[in-house]
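Subject: Handing over a structure

Dear colleague,

I am passing on the structure that follows, together with some notes on what came out of going through it. Please read them with the structure open beside you.

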Amino acid sequence: MKIKDSKKGYTFVKVGCYYLAFLNFIDGILTYIGLKLNLIEEANVLMRLIYEADPIFF
């Protein structure tokens, strides 16, 4: 295996991680907006407790 191949795979994983982090960030923002506007309810018990304690922790 050449060094070029391993760097290409590393770049693919790195981009994938950034993409996943971006989607997680968008999910958090949309969930926060939905909870604030009473459009949705948090089904996850742990996340609901964290949100009720302080939305900043959520």
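A residue is called buried when its relative accessible area is under 20%, exposed when that area is over 50%, and partly exposed in between, with a 1.4 Å probe and protein chains only. By that definition, 9% of the 58 residues of the protein count as buried. Please keep in mind that this is a predicted model, in which local features need pLDDT of at least 70 and side-chain atom pairs count only at pLDDT 80 or more, while totals for chains, interfaces and linings use all residues. Residues are numbered from 1 along each chain as its sequence is written, and side-chain values use heavy atoms, leaving out hydrogens and water.

The protein has two helices and zero strands, where helices (H or I, at least four residues) and strands (E, at least two) are DSSP runs numbered from the N terminus. Its accessible surface comes to about 5,500 Å², computed by the Shrake-Rupley method with a 1.4 Å probe, and for residues only the protein chains shown count as cover; carbon and sulfur atoms account for 68% of that surface.

Glutamate 42, in the loop between H1 and H2, is buried but has no salt bridge, meaning a side-chain nitrogen of Lys or Arg within 4 Å of a carboxyl oxygen of Asp or Glu. The nearest side chain of opposite charge (Lys and Arg count as positive, Asp and Glu as negative, and His and the chain ends are not counted) is that of arginine 48, 6.9 Å away. Leaving aside residues up to four places away in sequence, glutamate 42 touches Thr31, Leu35, Met47, Arg48 and Phe58, contact being heavy atoms within 4.5 Å.

Threonine 31, one of those neighbours, is found in helix H1 and is likewise buried, because its relative accessible area is 15%.

Isoleucine 40 lies in the loop between helix H1 (3-36) and helix H2 (45-53), and it counts as partly exposed because its relative accessible area is 41%.

Finally, proline 55 is found in the segment after H2 and is partly exposed, because its relative accessibility is 28%. The C-alpha atoms of proline 55 and leucine 35 are separated by 9.8 Å, although the two residues are 20 residues apart along the chain.
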